[in-house]
Amino acid sequence: MVRNHALSSCATLLAAAAIGASALPSYSLDEIASGNVFSFPVGYSNIAKDDFYPIVNVTFDGQTLPVLLDTGSGDLFVASDRCNVVDVQSGCYLAQTYKITKSTKLLNETFGTVVGLGTVSGTDSFQKVSVGGKTILNQLAVPLVNFSGSAGEFQDGQFSGIWGLNTRNVSRNWYFNQRLPFMDTLLAQGKLAKPLFSLTFPRRYDPDSIKGSLTIGGIENIPAASKVTYSDMIDTLNYNYDPPVLAPQGWTVQIQAIRVNGKTIPVSKGDLDPAGRYLSLIDSGSSRLLFRRPEFEKIAAAFTGKTVINPDQDIYFDCSIPQLIELKYHDTWFPIDPLDMIVSDDHGIVNGTELCHAPISTWDRTFGDSIIGPTFLKNAVSVFDYVGNDALAQQPRLGLAPLTDAAAAVKRYSSLYQQRLV
């Protein structure tokens, strides 16, 4: 998972009880004879103005908390009431927290990880995990955590924890305590109709937006004009070992090219893959699209109309002009609706032109040569397929099906973009 503190004027992670956890519709669940398929809606906090942090309401032993869906990390954890929620410098500022009681099944196991720029630490507990009144797991090891070292990492009230949906190779609870993460536990118990989950995310301020969904054990309905294409997860170096070893440790696939307003941008040789492929980590916890510096510079140069570029970090553009970005995966171009190029609460007048902030920046670290989050994922059905019930006995694969018609999205832009300027 990647956090970007400078995104909103450029802001970054838990949820305020007084305001309400989230604005999500009621839940629905389906069960089929060959196994279970659980499907629940994905939304955004009702205190957020943007649509960068997708959440689901999850109940832990009777306490319901909003958690961020994060395909870039491997652990499900929530803030405890031992975390400071009134100090603006606390990562738990304004958090709705899990209340530890005498009946809470605390374990003699510690947990620690990094979220954005902050350190998370806490204690494992056994929890019954439910969604929408339906028990998904009767017992799962869920860390109850405190935050230190960084303010606002839980977005000042948007959510209360993180639901990591990456592989167990990046799970800190697995590495230190041998506790299987959520999906691995379901797979090991053979509870699912199919060993996979799929995601779609809604778009705010769009009257034609789909309803977002997390579907576990199956794939939600895909439009007839679209189809899912797949590629195997590409191994990257796991630095938990000395020396590091190649392992499947992220929903990481090759991005073949980028296209901006009709101009194709070839990608550089990748830094992480021995074969030189330029890798994308599909990370629903990342608020921006992140690229290596050469690709960022070429993307910025291909924007049309008036622009202001802050090197290595920000692109501002004329809000009235649609910017069409397409990413190529599996030999297929996936258009991003130009509406998704607008950071809703970061815009202003410069020399008579209203400029909008694009959610694109640079990345120079590991995990992928690019980090691809909800800005892209609002435009596709994404399928995270473990292939079998032993999650790492075979290579997992990622599937994508496009949802956005490029020409239609550009055509409607002028009538809708001002609704995103909040």
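## Basis of the description

Contact means heavy atoms within 4.5 Å. The structure is a predicted model, in which local features need pLDDT of at least 70 and side-chain atom pairs count only at pLDDT 80 or more, while totals for chains, interfaces and linings use all residues. Residues are numbered from 1 along each chain as its sequence is written, and side-chain values use heavy atoms, with hydrogens and water left out.

## Domains and their interface

The protein chain is divided into domain 1 (39-193) and domain 2 (222-420), with bounds that come from an automatic or database domain assignment. Taken over C-alpha atoms, the centres of domain 1 and domain 2 are separated by 26 Å. To the contact, domain 1 contributes 25 residues and domain 2 contributes 28 residues.

The size of an interface is often given as the accessible area lost when the parts come together. Here domain 1 and domain 2 bury about 2200 Å² between them, 51% of it on carbon and sulfur atoms; buried area is the accessible area (1.4 Å probe) that two parts lose on being put together, summed over both. Three salt bridges are counted between domain 1 and domain 2, a salt bridge being a side-chain nitrogen of Lys or Arg within 4 Å of a carboxyl oxygen of Asp or Glu.

On the side of domain 1 that touches domain 2, β4 (63-70), α1 (172-177) and α2 (182-188) each supply at least two residues. Helices (H or I, at least four residues) and strands (E, at least two) are DSSP runs, numbered from the N terminus. The largest share of this side, four residues, comes from α2.

## Salt bridges

The structure holds 18 salt bridges. One of them joins the side chains of Arg179 and Glu109 at 2.8 Å, N to O. Arg179 lies in the loop between α1 and α2, and Glu109 in strand β6 (residues 105-115), 70 residues apart. Glu109 counts as buried at 16% relative accessibility, whereas Arg179 is partly exposed, with a relative accessible area of 24%. Buried means under 20% relative accessible area, exposed over 50%, and partly exposed in between (1.4 Å probe, protein chains only).

Asp337 and Arg412 meet through their side chains in a salt bridge of 2.7 Å, N to O. Asp337 lies in the loop between β23 (332-336) and β24 (347-350) and Arg412 in helix α5 (residues 406-416), so this pair ties together parts that are 75 residues apart in sequence. Asp337 is buried at a relative accessible area of 3%, and Arg412 is buried at 17%. A network of salt bridges links Asp51, Arg203, Asp206, Asp208, Asp337, Asp340, Lys378, Arg412 and Arg420. The side chains of Asp51 and Lys378 also form a salt bridge with each other (2.8 Å, N to O).

## Buried strand residues

Ile372 is found in strand β27 (residues 370-372) and counts as buried at 0% relative accessibility. Neighbours within four places in sequence aside, Ile372 is in contact with Ser280, Leu281, Ile282, Asp283, Leu289, Phe291, Leu327 and Tyr329.

Glu326 belongs to strand β22 (residues 325-329) and is likewise buried, at 7% relative accessibility. Residues up to four places away in sequence not being counted, Glu326 touches Ala257, Ile258, Arg259, Trp333, Phe334 and Pro335.
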